[in-house]
Amino acid sequence: MQYKRLLPKITSQYPCREDLVENLYDLLGYSDEILPEAIYICGPPCSGKTVIISTLLRYLKNIRYAIVDCLECYSSKLLFEDIFDSLCCHELSYENSFTPRVKCENMRSFISELRREFADDSLIIVLKNAEKLRDMDMNILPSFVRLRELTGINVCCIFVGQIPFEKLLPKTGLPTIIRIRVSQYSKEQTETILLKEFTRMQNALKEKMRNEPEISKEEFLRRLEIISSFDMNFYRNYLNAFLHMFYRVCRNLIQLRMVAEECFDKYCEPVFHDPSAAGNVNMLWRNISSTLKDSLKTLYTRLNATSIENSEKREMKDFIQIVELPFYAKYLLIAGYLASHNPAKEDKRLFVKDHGKQKKRLKSVNAKAKVSEKTMLLQGPATFSVDRLLAIFHAIIDQKVCLTCDLLAQISTLVELGFFTRTTTDKNLLEGSARFVCGLQVSVIMRIGEMVGFSVSRYLCDLM
């Protein structure tokens with residue numbers, strides 16, 4: 001009875017993933033059965049893996065669960081403590097001095113604490129970006145696979161990654177792991193998912209019209225009436241034109257949704273002038289084709305056609321300074337600067353979600369002022385590792401970004417351009433001992449932050 005009641009709620013939220021929802025519920029949804037020891041879910045980025053798991057776990061009762069991103073946990077100690085804090089619903093705050101529930105230095109202490117705290121509970125631990133576990137101590141990944149055997153409690157570890165299981169854990173002698181392969185969304189499935197955005201797109205377009213100062217009140221009301229008259233077929237025709245050009249080069253659902261929203265108002269412009277044009281698909285396509293081509297060229301730099309037109313009016317020097325670097329590279333620069341000018345011990349308080357904020361006190365402000373000559377900003381930048389750089393990058397960016405070769409290539413480019421300086425002799429960028437330093441001035445980083453809409457000063461300890 002519970003099975004039939006629960007599945008429609010989840011499948012209605014995530015169309016085209018009914019098989020994944022049913023498989024996960026068959027494995028995890030029955031409270032009177034023992035949980036599987038380990039599950040590996042493999043699939044491309046933005047294919048619904050983590051969000052479906054999170055939704056399903058929120059519905060299940062009598063099960064404690066923790067969802068941890070291994071990219072944000074650049075050390076095993078931080079990984080263990082975050083898992084334990086999530087299982088205990090413990091939030092770091094100023095009141096508890098940002099102290100974790102327990103301190104786990106290694107896998108042995110982590111196992112001991114699990115036995116002591118959750119001997120009679122059922123636990124599910126979800127490890128996102130499980131590929132990063134290979135960069136930690138050699139016993140971390142095999143121990144998580146055998147965690148139920150090592151702890152003696154009813155615990156299931158769900159690994160979420162993008163690479164085949166054979167590359168994640170090629171060693172033999174471990175328990176059989178249930179493997180679930182999640183395929184890429186097809187063009188038809190992508191269209192089905194984006195069609196669910198129709199009402200939101202209508203509201204976003206109305207809000208955009210409301211913020212246009214040059215539109216008179218009468219014209220605004222007339223356009224609102226036209227937008228309200230749009231039906232699902234009108235939006236479906238737009239998506240057909242949009243996906244015809246974009247799906248061949250981009251399968252990332254988040255990016256497709258973002259660009260589709262940016263270009264929708266351009267598609268509607270002829271209809272605002274002549275409402276009868278809503279059914280003229282060929283004319284609407286000719287009107288938007290140039291906009292889609294411009295957006296396609298700047299898909300990964302997050303610049304729309306309007307920003308390009310405005311940038312062409314600037315002087316060439318300003319244009320190069322603003323758009324030369326890709327969008328993710330700007331955030332990597334910000335992350336590198338924060339890593340160089342913040343103590344590593346402050347990372348959890350500054351970047352880990354739901355860990356509260358430190359209250360400002362007059363005494364602490366005055367104390368900082370007296371010793372300002374000793375601050376990180378005046379002492380100069382400190383070195384940082386690639387793991388810490390990526391952890392801060394994923395914490396400050398407001399979207400899900402998967403670790404890809406393109407992202408690593410951008411780090412190498414920043415090193416070649418001199419924005420990051422290598423302080424070790426390691427030839428491989430991803431060597432565990434490789435360290436870098438960001439020597440850019442704070443004014444440059446502040447400007448980059450303004451370009452991407454990020455407040456750098458909020459995350460600098462010496463400016464808080």
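A: With that, Asp26 sits in helix α2 (residues 18-28). This is a predicted model, where local features need pLDDT of at least 70, side-chain atom pairs count only at pLDDT 80 or more, and totals for chains, interfaces and linings use all residues. Residues are numbered from 1 along each chain as its sequence is written, and side-chain values use heavy atoms, with hydrogens and water left out.

Q: How many helices and strands are in the chain?
A: There are 23 helices and eight strands.

Q: Back to Asp26: buried, exposed or partly exposed?
A: Asp26 counts as partly exposed because its relative accessibility is 39%. The cut-offs are under 20% relative accessible area for buried and over 50% for exposed, with partly exposed in between (1.4 Å probe, protein chains only).

Q: And how much of the chain is buried?
A: Of its 464 residues, 48% count as buried.

Q: Which residues of helix α9 are buried?
A: In α9 (residues 187-195) they are Thr190, Glu191, Ile193, Leu194 and Leu195. Their cover includes α10 (198-210), α12 (232-246) and α13 (253-273), going by contacts, meaning heavy atoms within 4.5 Å.

Q: What's the N to O distance for Arg116 and Glu117?
A: That salt bridge is at 3.6 Å. Arg116 is exposed because its relative accessible area is 54%, while Glu117 is partly exposed because its value is 27%.

Q: And for Arg200 with Glu197?
A: Their closest N and O atoms are 2.4 Å apart. Arg200 is partly exposed at 34% relative accessible area, whereas Glu197 is buried at 15%.

Q: Where do Glu219 and Arg223 lie?
A: Both are in helix α11 (residues 217-229), four residues apart, about one turn of the helix. Elsewhere, salt bridges with shared partners join Glu197, Arg200, Arg257 and Glu261 into one network.

Q: What's the N to O distance between the side chains of Glu219 and Arg223?
A: They meet in a salt bridge at 2.9 Å. Glu219 is partly exposed at 22% relative accessible area, and Arg223 is buried at 17%.

Key. Helices (H or I, at least four residues) and strands (E, at least two) are DSSP runs, numbered from the N terminus. A salt bridge is a side-chain nitrogen of Lys or Arg within 4 Å of a carboxyl oxygen of Asp or Glu.
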